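Please look over the sequence and the structure first, and then follow the text from single residues to the chain as a whole.

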Amino acid sequence: VISGNATTYSWVIDNPTVGIGLPNSGLNTIPAINGFNASNNVANSAVITITPEFDGSDLSCPGIPFNLNVFVNPIPQINPVSDQTLCIQSPSEEVVFSGTGTSYNWEVFGAVGVGITNPSGANVLPSFLSTNPTDLPISNVIEATPVFTTGSVSCFGNTIDFEIFVLPNPTISPVAVSSYCNQSNTDEVFYDGVFTSNSWIIAANPNLGINAALNGMGDLPSFSWTNTDNANPQTANVTVTPFYTFNGLTCQGSVTSHNISVLPTTIVNPLPDLVFCNGDFSAEFPINATGTEITWNSSIDVGITSGTTYFIPDFTATNLDVSQNAPSVTATVLITPSYTDTLGLTCEGTPSDFNITVHPTPVITPISNYTVCNFGTVIQNLSTNIDADISWSSNFNAFIGGNTTTIQNSNSIAEGL
């Protein structure tokens, strides 16, 4: 409704398409305009020229026309934005919104932030350094709305949304150090952690027969390695790399490692067999062996029994059998080396043995005393409880002639006295 001091107001519009069903002209009242804009990128505008007139005394006097500008904003559109999938601690792509609006508002939705510093903004979503404090992929939804503003009037178009995903940090849980005896089967290693796949590499170690690096994916299978060093453990170093794949993106985590130790098969330097007479003294002698400990045991007691020292202590050889035909005794001394590591695993090495033989003490069969006449003869066969050589002699007596005072190696006595 046009008002003023005129009696009538005529109006004419230069672009009636700004309103649906709007006439080209009229009097006193401009009907409500149902704005229309067929474009989506420019405002539809029109100028309504209003001329006041005063009628009186059969005279009509026109006033000064004035213009009324009408603007109908378009419904703006916004171009689609692709989703982003990021590895943790990687920069996102800057998003510059475009379309037919004069500006674009955006807002972030999601329980856990992926690293976007501001919850909302306009026109540009800046690049940010992605974060993910969880063990699973997380995302934020960004909702963007196009705005078309003419003067103080802003019109909003349909919103779009897109999503930014951030993968978790791939990790492998620590694997305990393990050790095994030589040529035994290792346990399969089942890796745990935050990952969807993993790779492993075993470094070359010729002392274990690993002449070139081994590699594979997933859990570590069982192996049987031969430690060719008979004195020291050998280590297989395993490095493991975790990966996390989601939405076609694979992120690599930090490499971790663990060791598998293979203990040696320890050895003993051979010792020569020993032979003693009963009552002989044997000085201490060393046992040269690899490993962290040894045990030795004698099959019978010939002066030694058992021990854990790296030497056989001094002893007196013993064979107390004085019976008829008493045999020599032989003890087999078995030496077993072993290696015990810091995890408490003990692996026996290759045993070695040597013999200690102790001959019995020969005992002369008792002989009765002799009494003979002058110029008589003494004839006596000598014998012992075992097969042995015999030596004998008689004491010097100035009143007896014919007796032998020097040592004789003979098993019989024949003396004329």
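Predicted model: local features only at pLDDT ≥ 70, side-chain atom pairs only at ≥ 80, totals over all residues.

A residue is called buried when its relative accessible area is under 20%, exposed when that area is over 50%, and partly exposed in between. Tyrosine 370 has its place in the loop between strand E31 (352–359) and strand E32 (377–381), and together with Ile364, Ile367 and Val372 it makes a nonpolar surface patch of about 330 Å².

Threonine 186 also lies in a loop, the one between strand E15 (178–180) and strand E16 (193–194). Its relative accessibility is 6%, so threonine 186 counts as buried. When neighbours within four places in sequence are left aside, the residues in contact with threonine 186 are Tyr180, Pro221, Ser222, Phe223, Trp225 and Ile260. By contrast, the C-alpha atoms of threonine 186 and aspartate 387, which are 201 residues apart along the chain, are separated by 59 Å.

Two of these contacts of threonine 186, Phe223 and Trp225, lead on to the aromatic residues, where the count of ring pairs comes to six. Two of the pairs are set out here.

| Pair | Distance between ring centres | Angle between planes | Arrangement |
|---|---|---|---|
| Phenylalanine 223 and tryptophan 225 | 5.0 Å | 10 degrees | stacked |
| Phenylalanine 276 and phenylalanine 315 | 5.8 Å | 80 degrees | edge-to-face |

Phenylalanine 223 counts as buried because its relative accessibility is 17%, and tryptophan 225 is buried with a relative accessible area of 6%. These two residues form one aromatic cluster together with Trp200. In the pair of phenylalanine 276 and phenylalanine 315, both residues are buried, and the pair links distant parts of the chain, since phenylalanine 276 is in strand E22 (residues 274–277) and phenylalanine 315 is in strand E28 (residues 315–316), 39 residues apart.

What is the radius of gyration of the chain, and what would a compact globule of 417 residues have? The chain has 57 Å, whereas such a globule would have a radius of gyration near 22 Å. Taken along the principal axes, the C-alpha atoms fill a box of roughly 210 × 30 × 25 Å. The chain contains zero helices and 35 strands, and buried residues make up 35% of its 417 residues. Among contacts between residues at least 6 apart in sequence, 60% join residues at least 24 apart. The chain exposes about 23,200 Å², of which carbon and sulfur atoms supply 53%.

How values were computed:
Residues numbered from 1 in each chain as written. Heavy atoms only, no water. Helix = DSSP H or I, 4+ residues; strand = E, 2+ residues; numbered from the N terminus. Buried < 20%, exposed > 50% of the residue type's maximum accessible area, 1.4 Å probe, protein only. Contact = heavy atoms within 4.5 Å. Phe/Tyr/Trp six-rings, centres within 6.5 Å; stacked < 30°, edge-to-face > 60°. Patch = residues over 30% accessible without salt bridge, like charges linked within 9 Å, V, L, I, M, F, W, Y side chains within 5 Å. Areas by Shrake-Rupley, 256 points an atom, 1.4 Å probe, with all protein chains shown as cover. Salt bridge = Lys/Arg side-chain N within 4 Å of Asp/Glu carboxyl O. Rg over C-alpha atoms; globule rule 2.2 N^0.38 Å.
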